[in-house]
Amino acid sequence: MLKVLLLFIVLIVGIVLGPLMSGHQGYVLIQTDKNNITTSITGLVIIFLLLQFLLIFIGWCYRRLKRTSTSTHSWIFGGYKRNRARSQTKQALLKLAEGDFKQVERLMTRNANHAEYPVVNYLLAAEAAQRRGDYFHTSQYIEQAAEVADKDQLPVDITRVRIQLAQGEIYAAREGVDKLLDHAPRHPEVLRLAEQAYSLSGNYQSLIDILPSMLKVNLHNEEEILKLRQQAYIGLMNQVIAEKGDTGLKVWWKDQSRRIRNDIVLQVAMAEHLIECDDHETAQQIILNGLKQQYDERFLLLIPHLQTSDYEAIQKMLSQLLKQHGATPLLNSTLGQVALRHGEWANAESAFKAALVQRPDAHDYAWLADALDRLQKREEANQTRSKGFMLTLKRDNATEA
């Protein structure tokens, strides 16, 4: 382009200055052995320009011819390889649907560099090799995919973490997930892999931190997110109690937000941990506070396991629940178990009988028999035990059938 521009400039100058020099053109003499060639300066310039245009045209024709030759060669040989790679990729996808991972690996890697998306071929080959348990080739294909992916490394990193999780390399996967979240914090697949990696590695706080992002990208609905949060906090409880005991657990619980401390599932889990640690006073406080906020039978199931001296507070709460929610079988059974634990045999008898009227239960029959024994009602106690035994047999036979 620069040469053409210079030629046009010279031509324009010639056109402008030509008429001015028409009377002073002078001449040019070119002498050979036999001939003398005479011309004007203007004519010489025109001849020079024509020769330049001729040389440029010849050069353009040569480059065009060379480019056409290269394209033809590429079309003949490269096109064949691309078509073959496309055909092998289609065959590999069919084999993937069949579950023939050995053929998937073989077809995906043959002519992979000539495929439409080589990185996809290598990544699918890596997953196929991993499914066969060939970890060496799995790693090799991942590296080849990283080379051809150039700057778009996200699919490669996602596949690497997915394979690490499948191979049980949990901590390596967790490190990979941390890096992925830095680059793509709201990518659905990254968040899904992060959920797995954090859950399996026990990194519950990190799992809690990504729950809002998981909800925003609709990876889970609100109910599922709530369950994940509860499971994560229960995991944190287990870690705290293992490291710091019940004292550290109580400190940790006080540091949580009101929303967490008012979660029924977490309150029940906290009370269970405290009962296991023989801190029955604190467990009772959590259970009674939870029942004041909302009636939930999971609290009632924990009450018989409490060993506290404040029996009146428990009895008062159960009486209030009876007035508010009616005499349910579980409420009556809980009243009977509490009365039985504190030696109130008559109250235990009436409570268990009321529960059994509403629904038969082998445990209630056994506890009622114990209360009747204490009240010296031997015959009735034996009859009650027989009813409980027959109920157990019926249920066992129904389960076997």
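Modeller: Start with aspartate 134 and arginine 132, whose side chains meet in a salt bridge. Keep in mind that the model is predicted.

Biologist: What makes the contact of aspartate 134 and arginine 132 a salt bridge?

Modeller: The N to O distance is 3.3 Å. The cut-off is within 4 Å, from a side-chain nitrogen of Lys or Arg to a carboxyl oxygen of Asp or Glu. The pair therefore qualifies.

Biologist: Why does arginine 132 count as partly exposed?

Modeller: Its relative accessibility is 37%. Buried needs under 20% and exposed needs over 50%. Arginine 132 lies in between, so it is partly exposed.

Biologist: What about glutamate 189 and arginine 192: how do you know that their side chains meet in a salt bridge?

Modeller: Here N to O is 2.5 Å. That is within 4 Å, so the salt bridge label holds. Both residues lie in helix α8, residues 188-201. They sit 3 residues apart, about one turn of the helix. Arginine 192 has 30% relative accessibility, so it counts as partly exposed.

Biologist: Which residues are linked with Glu189 and Arg192 in a network of salt bridges?

Modeller: Glu127 and Arg162 join them in that network. The whole structure has 16 salt bridges.

Biologist: Next, aspartate 373 and arginine 378. What makes this a salt bridge?

Modeller: The closest N and O atoms are 3.6 Å apart. The limit is 4 Å, so the pair passes.

Biologist: Is aspartate 373 buried or exposed?

Modeller: Aspartate 373 is buried. Its relative accessibility is 17%, and buried means under 20%.

Biologist: Where does glutamine 376 lie?

Modeller: Glutamine 376 is in the loop between α18 (362-374) and α19 (378-400).

Biologist: Why is glutamine 376 called exposed?

Modeller: Its relative accessibility is 56%. Exposed means over 50%, so the term applies.

Biologist: What is the phi of glutamine 376?

Modeller: Phi is near 65 degrees, a positive value in a residue other than glycine. Most residues other than glycine have a negative phi.

Biologist: What is the phi of aspartate 150?

Modeller: Aspartate 150 has a phi near 60 degrees, again positive in a residue other than glycine. Aspartate 150 lies in the loop between α5 (135-149) and α6 (154-166). At 57% relative accessibility, aspartate 150 counts as exposed, since the threshold is over 50%.

Biologist: Now the helices. At what angle do the axes of α9 and α10 cross?

Modeller: Helix α9 (residues 204-216) and helix α10 (residues 222-255) cross at roughly 170 degrees. Their axes come within 9 Å. Angles over 145 degrees count as roughly antiparallel, so α9 is roughly antiparallel to α10.

Biologist: Which residues of α9 meet α10?

Modeller: Among them are Leu207, Ile208, Leu211 and Leu215. The α10 side includes Ile225, Leu228, Ala232 and Leu236. By class, the contact has 11 nonpolar, 3 polar and 2 charged residues.

Biologist: And the chain overall: how many helices and strands?

Modeller: The protein chain has 19 helices and 2 strands. Of its 401 residues, 37% count as buried. The chain exposes about 25,000 Å², with 55% supplied by carbon and sulfur atoms.

Conventions: Residues are numbered from 1 along each chain as its sequence is written. This is a predicted model: local features need pLDDT of at least 70, side-chain atom pairs count only at pLDDT 80 or more; totals for chains, interfaces and linings use all residues. Side-chain values use heavy atoms; hydrogens and water are left out. Helices (H or I, at least four residues) and strands (E, at least two) are DSSP runs, numbered from the N terminus. Buried means under 20% relative accessible area, exposed over 50%, partly exposed in between (1.4 Å probe, protein chains only). Accessible areas come from the Shrake-Rupley method with a 1.4 Å probe; for residues, only the protein chains shown count as cover. Axes are lines fitted to C-alpha atoms, for helices over the stretch in contact, and angles run from 0 to 180 degrees between N-to-C directions. Angles under 35 degrees count as roughly parallel, over 145 as roughly antiparallel, 65 to 115 as roughly perpendicular and the rest as oblique. Contact means heavy atoms within 4.5 Å. Ala, Val, Leu, Ile, Met, Phe, Trp, Tyr, Cys and Pro count as nonpolar, Asp, Glu, Lys and Arg as charged, and the others, Gly among them, as polar.
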